[in-house]
Amino acid sequence: MKKILVVDDEENIRALYKEELTEMGYDVIAVHDGVQALAEMDKMKFDLVTLDMRMKEMDGIETLRKMKGKDAALPVIISTAYEEYKHDFGSWCSDAYVVKSSDLSLLRDTVKKILG
Amino acid sequence: MATTEKTELSILSEIGRISNSSAGLPKKLHRIVEVVALGMGKDGASVFLIDRSGKTVTLAAAIGLHQEAVGKMSFPIGMGIAGWVAEQKVPLALEDPYSDPRFAYVPESGIEKFTSLVAAPIMDQDECLGVIFALSSAVWRAASSEITLLTTAANQISGVIRNARMFQDIQDRLAALATIYEIGLALTSTLDLEPLLALIARNSTQSLRAQGCTIRLMNLPEIASHNTFSSYSIVGDVISEMDARFGGIVMERVVREKNPILIQDTTRDPVLADGCGVAAASIISVPLLFRDKVIGVITLYNKEEGRPFTEDDLQFLATVASGAAVAVENAAMYERMEDLAIEARARAQELSILYDIGTAMSATLDLDRLLRIILTAATMGGSGLGFNRALLLLTNERTNTLQGMMGVGPTSWEEAGRAWSEVSNSHKSLMEWIQTGALFERRDSALNTLAKGIRVSLLPKEEVLALTVLNKKPYNVTDAAGDPLVSPELRDTLKVNSFATVPLIAKDRVIGVILVDNMFTQRLITEVDIRFLNLFAHQAALAIENAIIHTNLETMNRDIRAMHKQLVQSEKMAALGAMMAEITHEIRNPLVSIGGFTRRLAKKLRDAEDKKYIDIILGEVARLEGIIHDNLSYIKELAPRLEEGDINDILGEILTLYEDEFAERRIHVERDFSPSLPRLMIDAQQIKQGLINLLKNAMEAMENGGALSIRSYSAPETREAAIEIGDTGPGISDKARQNIFNPYYTTKPRGTGLGLSITNRIVKAHKGRIELRNRESGGSIFTIKLPFPENKST
């Protein structure tokens with residue numbers, strides 16, 4: 001079963017993503033900031049990450065850089081409430097950019113596309 | 001005896017009476033010989049006088065001889081009876097002179113009709129002045145009383161001769177003084193050197209009754225006319241021959257000795273004895289002395305009557321020469337003064353023109369108006385410099401080129417004639433033209449367009465406009481067709497064969513070039529023109545510099561105001577953006593939760609009534625998300641805002657920006673910007689950012705200094721403009737080359753790894769490409785290629 005790491009500081013979002021992605025048939029681990037995310041990556045190997053941009057401990061760009069440093073091949077979907085991060089050069093090395101929406105169909109489609 | 005005494009007394013008293021008369025010497029002597037012949041009862045008498053040279057006796061008066069012989073019949077001292085008596089100074093009575101060995105017969109003198117004679121010397125103290133004869137056609141054995149009577153008469157006559165001679169001397173001296181005075185007057189009557197010399201020559205010749213005269217002036221620096229030579233001759237070719245033979249030698253001697261020279265007979269002079277076929281001559285030569293310096297020599301040849309020159313003649317000539325020398329020097333000085341005066345007048349006129357132009361130029365700080373004033377001044381006759389056409393070019397330091405800015409001048413003969421007659425008829429000064437504003441009416445003349453089409457790169461090369469700037473000096477092109485410095489393009493543009501260029505230098509920096517020609521009048525541009533134009537250009541350059549500084553200040557001021565406004569605007573926007581971001585974050589997340597869980601809930605509901613409420617909730621959530629999305633749409637896109645821009649300008653700006661850092665890092669910059677690069681459609685800010693990233697990369701690659709090469713060129717075959725940035729660092733490894741444009745990839749300990757990926761994104765957004773290669777000589781070269789604008793045929 002493929003493993004997805006969900007990183008978001010909003011508890012409700014974590015719960016929603018976990019429910020939705022679990023239902024899609026993935027093994028989901030959800031953490032609330034970058035520090036925890038990197039710690040989880042040390043414990044096990046993930047197939048995909050959904051990453052929030054604005055977090056309290058270590059923001060998304062910093063987390064993204066460190067994740068790519070650990071495992072350059074790990075696909076990362078940026079999932080954020082901010083549309084403008086799309087234009088931030090720092091976000092260009094992500095594999096997809098999904099603006100958060102209550103309609104999760106774009107997220108589902110993107111995950112499916114990356115994990116096959 | 002009494003008769004003899006009585007006769008003697010009457011003769012002497014008669015001679016005394018004659019000597020006190022007012023007649024001249026010849027008349028007196030004639031009367032005296034009459035009295036002597038009559039008183040002594042003889043049919044003839046005569047008087048011979050020794051001339052001043054003391055070498056000959058000449059018949060001065062006679063009774064019974066042919067009168068034609070008077071003045072002609074003469075004997076050397078010691079020859080003939082007269083010569084013998086003059087030499088021996090004793091009386092002589094000859095009953096039959098024809099048998100006497102001392103007698104010398106002179107034909108056609110009339111002496112043959114006389115049989116006997118008595119002669120007595122005319123003595124004045126110990127000096128013999130002449131001889132008196134009593135002649136008898138009858139045989140006459142003279143008594144001693146008769147000889148004594150003649151001797152006594154002779155003594156009486158000596159007084160007459162002496163007085164007459166003294167009178168003659170005084171007359172001569174007065175005449176000489178009068179001549180000298182006249183010459184003096186004449187000398188002050190002209191200040192032209194040539195006529196003056198002719199005047200001196202003529203007066204000297206006539207006064208001394210010479211046959212010819214030459215005057216030579218020394219080749220002295222303070223005498224304007226070098227080697228001036230003047231001659232006056234009443235005989236002609238003979239004197240010319242003499243002068244050719246003797247003149248130079250005599251002059252040399254006079255100059256060396258600084259003293260007058262008298263040569264009575266050239267055949268008796270050791271140097272001049274061999275006349276080389278030229279007739280013997282008598283010569284006097286005196287120096288023209290001014291302040292003890294010989295400025296010339298005046299030489300006279302041969303007295304009339306074949307007599308040699310005397311000391312008196314020399315004295316006379318020396319007196320004339322002293323006056324003449326002053327006159328010659330005055331004339332020479334006057335010539336110099338006139339030259340100076342002409343020059344001073346020209347200078348004054350130049351200064352007045354420059355003053356007018358200076359006043360006109362200071363009247364405006366508007367660059368465009370100023371350039372027009374400058375070019376109008378260069379082309380206006382009268383109060384301007386009077387060239388036919390004038391072009392002005394300014395240097396652009398960023399692009400390192402010389403760019404034509406403006407041209408003033410007529411485009412055809414007809415227009416030229418009209419414009420010039422208008423100018424000359426109106427008699428307006430440059431200032432008045434400016435005040436009437438007529439200068440500024442026509443801006444888009446053909447010449448103006450032509451001027452704006454001239455653009456020359458200032459790389460070191462053999463081209464006249466570039467050299468004018470690089471060498472900071474004027475060029476006067478007299479044969480454009482044959483001059484290798486004149487490019488065919490410039491020749492085709494100007495369509496003239498001669499023109500001149502001068503640099504505009506302000507504070508030791510060349511800010512431009514003025515080019516002038518005389519296309520219509522074909523008047524040659526002289527060195528004097530160039531010198532004046534250069535003075536003018538210097539003044540113009542300062543005025544242009546001032547205007548440019550002024551314009552720059554104005555532009556800067558305007559920019560600062562615009563920036564301030566923009567800043568206020570963007571601050572507002574930034575504050576609004578920050579607020580929006582907060583709201584978005586705070587609202588979007590709960591909305592996602594609400595909407596997300598509601599959807600999940602909807603999947604579990606079967607009741608249609610309940611589903612209706614769920615749909616309402618989802619609808620409202622979607623509406624709120626829509627409002628948020630719309631409100632955020634102001635955030636700008638990365639898509640470049642394309643405008644027409646000049647790559648060379650951008651490169652120039654960047655190089656200026658990092659000038660100090662280059663020096664600090666000991667990096668030498670080599671620039672080679674193509675002036676033919678077309679303007680591109682670009683977002684100048686983004687391109688600048690992209691190029692700065694490459695530049696920083698190159699600098700960081702050269703830790704110990706090196707050479708940075710910046711090159712722009714156009715590749716028409718692929719319709720691209722290329723920018724190359726090269727360094728002399730270690731180059732780029734193959735591994736690095738694969739990743740170099742990926743974000744966060746860096747080989748530097750403190751690098752962010754974003755610079756090159758940003759540059760890559762920017763170039764791609766401009767539909768361009770970026771290439772990278774290593775140089776064989778070490779270091780790497782990045783090349784950015786940007787497409788030409790779509791609809792431009794360049």
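Colleague: In what sense do β21(B) and strand β22 of chain B pair, and over how many bridges?

Modeller: This is a predicted model. In chain B, β21(B) and strand β22 (residues 720-726) pair in the antiparallel sense, over 7 bridges.

Colleague: Which residue is the bridge partner of B:Arg711 in β22(B)?

Modeller: The partner of B:Arg711 is B:Glu724.

Colleague: How many residues lie between β21(B) and β22(B) in the hairpin?

Modeller: There are 4 residues between the two strands of this hairpin. In the turn, B:Arg719 has a positive phi of about 55°.

Colleague: Do strands β19 and β21 of chain B run parallel or antiparallel?

Modeller: They run parallel: 7 bridges join β19 (residues 667-673) to β21 (residues 706-715) of chain B. Within that pairing, B:His668 has B:Ala707 of β21(B) as its bridge partner.

Colleague: Turning to the open sheet of chain B, what is the order of its strands?

Modeller: The 6 strands follow the order β3-β2-β1-β6-β5-β4, with antiparallel pairing. The edge strands are β3 (74-76) and β4 (92-94) of chain B, each of which pairs on one side only. From one strand to the next, the twist averages 20°.

Colleague: How many bridges join β4(B) to strand β5?

Modeller: There are 3 bridges between β4(B) and β5 (residues 116-124) of chain B, and these strands run antiparallel. B:Leu94 stands opposite B:Leu117 in β5(B).

Colleague: Which strands does helix α2 of chain B lie across?

Modeller: Helix α2 (residues 25-39) lies across β1 (44-50), β2 (56-63) and β6 (127-136) of chain B, and runs at about 65° to β2(B). Helix α4 (residues 144-189) of chain B lies across β1, β4, β5 and β6 of that chain, running at about 40° to β5(B).

Colleague: At what angle do the axes of helices α7 and α8 of chain B cross?

Modeller: The axes of α7 (residues 311-361) and α8 (residues 367-379) of chain B cross at roughly 165° and come within 10 Å. Angles over 145 degrees count as roughly antiparallel, so α7(B) is roughly antiparallel to α8(B). The crossing is right-handed as α7(B) passes α8(B).

Colleague: Which residues make the contact?

Modeller: From α7(B) come B:Ile357, B:Ala360 and B:Met361, and from α8(B) come B:Leu370, B:Ile373, B:Ile374 and B:Ala377. By class, the contact of α7(B) with α8(B) has 7 nonpolar residues, no polar residues and no charged residues.

Note on methods:
Residues are numbered from 1 along each chain as its sequence is written. Chains are lettered from A and ligands numbered from 1 in the order in which they are written. This is a predicted model: local features need pLDDT of at least 70, side-chain atom pairs count only at pLDDT 80 or more; totals for chains, interfaces and linings use all residues. Two strands pair if DSSP finds at least two bridges between them. Axes are lines fitted to C-alpha atoms, for helices over the stretch in contact, and angles run from 0 to 180 degrees between N-to-C directions. Two residues are in contact if their C-beta atoms, placed from the backbone, lie within 7 Å. Angles under 35 degrees count as roughly parallel, over 145 as roughly antiparallel, 65 to 115 as roughly perpendicular and the rest as oblique. A crossing is left-handed if the near helix is turned anticlockwise from the far one by less than a right angle, and right-handed if clockwise. Ala, Val, Leu, Ile, Met, Phe, Trp, Tyr, Cys and Pro count as nonpolar, Asp, Glu, Lys and Arg as charged, and the others, Gly among them, as polar.
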